[in-house]
Amino acid sequence: MDKELLALLNPQQQKAVVAPEGAVLVLAGPGSGKTRVLTYRIAYLVGGLNIPPHNILAVTFTNKAAKEMNARVEKIIGSHASGLWLGTFHAICGRILRREADLLPVDKNYVIFDEDDQRALMKQVLKEANVDEKLYRPNSILDAISRAKNDLTKPADYPIQTFRDEKIRDFYTRYQQLLVKNNAMDFDDMLLYTADILERFPVIRDKYAHRFEHILVDEFQDTNQAQYFILYHLASKHHNLYVVGDEDQSIYRWRGADYRNLKRFEKDFPGYLKILLEQNYRSTQSILDAAMAVIDQNDNRTRKKLFTEKTRGEKVALYEAMDDHDEAEYVVKAISRAMNLGKAKQSDFATMYRTNAQSRLLEEEFRRAGINYRLVGAQRFYGRREVKDAIAYLRLVHNPRDQVSLARVINTPPRGIGDKTVEKLAQYAASVNLTSGEVLLDLALGDRSVHLLPLGREGLKLASFGKLLTTWRALVEQGSLADLFDRILKDVDYQVYINDRSEEGFDRWENVMELRLVVMEYEDQGLGEFLESMALVADQDTLPEVMDAPTMMTLHAAKGLEFEQVFIVGLDEMLLPHVRSRDDVEAMAEERRLFYVGMTRARQKLTLVRARRRRSSYGSYEETQPSRFLDDLPDDLIEGERRTYRSRLSSAPTGPSRTPRWEVPAFRVPLKDTTPKETKYKSGMRVRHPIYGNGTVRISRIELGDETVEVNFDRGVLKALVASLANLEILG
DNA sequence: GCATCGGATTTTTTT
DNA sequence: AATCCGATGC
């Protein structure tokens, strides 16, 4: 590899890039040139060690990162990069699964179920089982299943401790059956199936393990157990596993990221080489110091000293707004002012927040100020109804067994096939051991179909839809994707259906046409690839169009990016440490890391904003408490509202603290051990509820740090209540 | 089978 | 505030 290129790196980075073969662990702080090291490493493998690119596998966590790395690799080694396997875990697994589809319980035309599809399927499971959706929320069941899958736990091995667990196991089992019946898999299955194949078929494992002489992994701290397992197998021949990560930037625990993977790596690859990248090339020292002050409050981590050769720079600014409107206005005004000074590009600015919902006020404010903006995520393009409809049609054409898509489009636009008829079709299909879609296709044969008679009057309507479906399927073979797309829309009169003569109707049609543009990009690759990438890229980490405008995104979406000036809004308790993390020490540590990730995105200037009053997710305005994370920022790094703020609070005697701190709200104190050890309520106990009246406790269990009690009320309703909130009175 | 109204219900982050 | 669900009426 080029000497000139190496000269661009600092000694640590160089050491990482030219590390000898074998297992390597690169611990890389924020802004330490991690992506650069990864891309140069690839260039070094190809150019220096003469490894053919197709023997290299590079895995990233998000599409954004994959895209970025791809662009950078191409820039260095150009067309030499062709053949390189580079993508997200899910994309790589998809690639393997398509090749090994024979070993799957589904065929190669399988579709990937997104969250909505999963929920629809789970609802079907719950309905079948005839259980109360209030007690067994589809999302919560799916969560449990996802967690199990991330830990490589199959239905049969699902750990049972409570009655509920037993139920979940049953739902899990049935859910998997239905997925197969739909010729579908969910995101987690992609990993699980891949792991399964690698484990059960040594020949297949050796094939890939042999092929991938070098495996590079980005964001290793965010991998889950299934992903580690896959890496382990893929590296089982050459043992050249090169992982890069930063424990302080682990923000996906909730999605199954398993910190123990680091321990597993150390155990499985003894003698690995460890390299630390500590020098920061991004932020000023003030920003780094502030960020370190925050992250150093976390336990169980190696302290790292982030340093830069940049100047101290400006202090971190703090602004406390009156309310959430004021907060948004402040940010937009500050950005607008800075832009008018003329030194900064519009795209130098980014605003980050904890939840997508927080973008709304900012958007309004930007529009009012007449400033264009880029919004990452939020209102997902692919989540829009019209887009989902169109994709569902394509999915059904590709895979007629997809029950969820079928249910979505069979009467959209309305064509006289209502719930009753769909139900009848499903029942009938089950009775002849087929799926609804297969019966539909057969019905298209008209009189020759044996299914026509049994379905009676409705048979004809269904048959005409079946005929449409058959026509479309024929088009896949010969025609272009865009033709198919147009034909479907025309056949079902979709534009008429969408166009309600309102602005919104117009927008919707625009969206459909935008989707058509995406379809055209897949003309060469085919329907299957198009659908797969729709499922896998449905995420907004498609870097939004490169236009010169300030950017808004969640803190999660901000990982891996950098901006000259960063605003983080909503630094309030319940929002930046999010409420949901309040009672969970691990989750709280993750909130802190999330804040840390956000802070370290800033190159020049970091501004933190909070609002004293804020409209809560439901209805009215509420007073807020400042985020506990703000307490950790040393005074000398802060400018702005702090003084005002402290003086307001310092009227309360807080004692002679050496460094003045903000008042600690009372509710922070009893954080520990609010988790009850034993249930207060027992089965059979008689209780009274202020609204539901008297009832008998069915069961009570400790769940998520609180007690959940299910009560059969005398008036005939069964409710699951949170004990600490329900105000239940025990009747003697 | 479809449209409409009223009531209940909302848990954050993303592949 | 917005969306979803179920019941009701046509």
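Student: Which side chain meets aspartate 196 in a salt bridge?

Tutor: Bear in mind that this is a predicted model, where local features need pLDDT of at least 70, side-chain atom pairs count only at pLDDT 80 or more, and totals for chains, interfaces and linings use all residues. Side-chain values use heavy atoms, leaving out hydrogens and water, residues are numbered from 1 along each chain as its sequence is written, and chains are lettered from A and ligands numbered from 1 in the order in which they are written. A salt bridge here is a side-chain nitrogen of Lys or Arg within 4 Å of a carboxyl oxygen of Asp or Glu. At 2.6 Å, N to O, the partner of aspartate 196 is lysine 154.

Student: How many residues apart in sequence are the parts that this pair ties together?

Tutor: Helices and strands are DSSP runs numbered from the N terminus (H or I and at least four residues for helices, E and at least two for strands). Aspartate 196 sits in helix α9 (residues 187-200), while lysine 154 is in the loop between α7 (138-150) and α8 (163-181), so the pair ties together parts whose separation in residues is 42.

Student: Is aspartate 196 buried or exposed?

Tutor: The cut-offs are under 20% relative accessible area for buried, over 50% for exposed and partly exposed in between (1.4 Å probe, protein chains only). Lysine 154, at 36%, is partly exposed. Aspartate 196 has 11% relative accessibility, so this residue counts as buried.

Student: What is the N to O distance between lysine 207 and glutamate 100?

Tutor: Lysine 207 is partly exposed at 46%, whereas glutamate 100 is buried at 7%. Their side chains meet in a salt bridge, and the N to O distance is 2.9 Å.

Student: How far apart in sequence are the parts tied together by that pair?

Tutor: Lysine 207 belongs to helix α10 (residues 202-211). Glutamate 100 is in the loop between α5 (89-99) and β4 (111-113), so the separation in residues is 107.

Student: How many salt bridges does the rule count?

Tutor: In general, side chains of opposite charge can pair when their charged atoms come close. By the salt-bridge rule, the count is 53.

Student: What is the angle between α9 and α11?

Tutor: Axes are lines fitted to C-alpha atoms, for helices over the stretch in contact, and angles run from 0 to 180 degrees between N-to-C directions. The axes of α9 and α11 (residues 225-234) are 9 Å apart, and the helices pack at an angle of about 35°.

Student: Which residues of α11 meet α9?

Tutor: Contact means heavy atoms within 4.5 Å. From α9, the contact takes in Leu191, Thr194, Ala195, Leu198 and Glu199. In α11 they meet Ala226, Gln227, Phe229, Ile230, His233 and Leu234.

Student: What is the relative accessibility of glutamine 227?

Tutor: Leaving aside neighbours within four places in sequence, glutamine 227 is in contact with Phe61, Phe89, His90, Leu191 and Asp222. This residue of helix α11 counts as buried, with a relative accessibility of 2%.

Student: Which residue's backbone oxygen does the side chain of asparagine 298 reach?

Tutor: Asparagine 298 lies in the loop between α13 (285-295) and β9, and is buried at 11%. Beyond neighbours within four places in sequence, its contacts are Ala589, Arg592 and Arg593. The backbone oxygen, reached at 3.2 Å, belongs to alanine 589.

Student: Which side chain has a polar contact with that of glutamate 386?

Tutor: A polar contact is a pair of N or O atoms within 3.5 Å; within protein, one must be able to donate a hydrogen and the other to accept it, and residues adjacent in sequence count only if both atoms are side-chain atoms. Glutamate 386 is in helix α16 (residues 385-398) and is buried at 2%. At 2.8 Å, its polar contact is with the side chain of asparagine 511.
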